[in-house]
Amino acid sequence: MKLFWKNKDFDKRRKWAWPYVIFCLLLVVLPLIMVAIYAFTDVSGAFSLRNFAKFFSQSNAVNTLIYSFGIALITTVLCVILGYPAAYFMAIRSYRVPAVMVILCILPMWVNFLLRTIATANLFGIFGLPLGEGALIFGMCYDFLPFMILPIFSSIQKIDTSILEASQDLGATRFQTFRKVILPLSLPGIQSGIIMVFMPTVSTFAIAELLTNNNIRLFGSIIQDAINTSDMLNFGAALSLILLVFINLTTLIGNHADNKPSIH
């Protein structure tokens with residue numbers, strides 16, 4: 001009798017997942033299928049690989065993709081360098097300091113990133129700094145740094161304090177405790193932060209347009225121009241699919257690491 005009620009309750013809870021399933025089908029799966037269909041067809045709707053051949057034949061598009069990955073890599077590395085110390089300080093401090101710093105980290109995310117980018121461009125103008133590649137990287141780091149700090153902060157905060165105490169009892173210094181205990185156990189947070197920063201920076205285009213006066217074009221700008229042109233919609237879909245494949249490959253490489261790091 002109890003087993004019957006348990007199965008019945010499980011069936012009731014499972015029904016609550018249908019809105020999420022419908023949401024994913026309509027707004028995730030269906031758009032991806034449409035992108036794939038447009039990418040592998042021409043204007044007349046016939047199957048074609050010309051869109052992909054066109055991409056690889058245009059050195060400008062290939063170089064822009066490589067440049068976008070380079071900008072995303074630089075931004076991600078800088079976010080790790082800047083975000084890890086902040087997350088570490090937030091996690092190890094006591095009293096109200098972590099709560100205040102978490103709020104300060106989240107507050108900029110309440111403002112639309114386009115408004116933040118416009119404000120950043122105006123600040124560069126006020127201080128007489130030129131808009132260009134440096135401003136682009138600065139704006140990228142400013143917009144996506146919270147996505148690096150918060151996962152690392154969460155992973156460090158979840159570390160059992162008894163492990164740190166055991167390390168100190170065994171004679172390890174603070175640096176040794178950090179290098180052999182805290183850093184390995186915080187790697188999942190770093191991995192999540194890298195994915196959350198790297199993926200959007202590769203495909204963004206508005207930040208580049210605003211912080212470089214449209215002088216530097218990233219791969220997202222090429223996709224936008226192609227999709228906004230009616231006779232190049234299929235080519236834009238192919239570019240989107242190519243970028244999606246590269247991003248998924250990057251994610252798979254990142255997830256190849258062990259989810260449960262060992263302490264040596």
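A: Among contacts (heavy atoms within 4.5 Å) in the protein chain between residues at least 6 apart in sequence, 72% join residues at least 24 apart. This is a predicted model, in which local features need pLDDT of at least 70 and side-chain atom pairs count only at pLDDT 80 or more, while totals for chains, interfaces and linings use all residues. Residues are numbered from 1 along each chain as its sequence is written, and side-chain values use heavy atoms, leaving out hydrogens and water.

The part to examine is helix 6, residues 113-126, where a helix is a DSSP run of H or I with at least four residues, numbered from the N terminus. Its 14 residues reach 20 Å from first C-alpha to last, close to the 20 Å expected at 1.5 Å a residue, the expected span being 1.5 Å times one less than the number of residues.

Arg116, Thr117, Thr120, Ala121 and Phe124 are buried in helix 6; buried means under 20% relative accessible area and exposed over 50%, with partly exposed in between (1.4 Å probe, protein chains only). Seen down the axis, these buried residues fall within an arc of 140°, so they line one face of helix 6; the arc is taken from the directions from the helix axis to the C-beta atoms. Their cover includes helix 7 (133-157) and helix 11, whereas the face turned away from the buried side carries the exposed residues Leu115, Gly125 and Ile126.

At the start of helix 6, a side-chain oxygen of asparagine 112 reaches to within 2.8 Å of the backbone nitrogen of leucine 114, and just after the helix, glycine 128 takes a positive phi of about 70°.

Definitions and conventions
Helix = DSSP H or I, 4+ residues; strand = E, 2+ residues; numbered from the N terminus. Polar contact = N/O pair within 3.5 Å; in protein donor to acceptor, adjacent residues only side chain to side chain.
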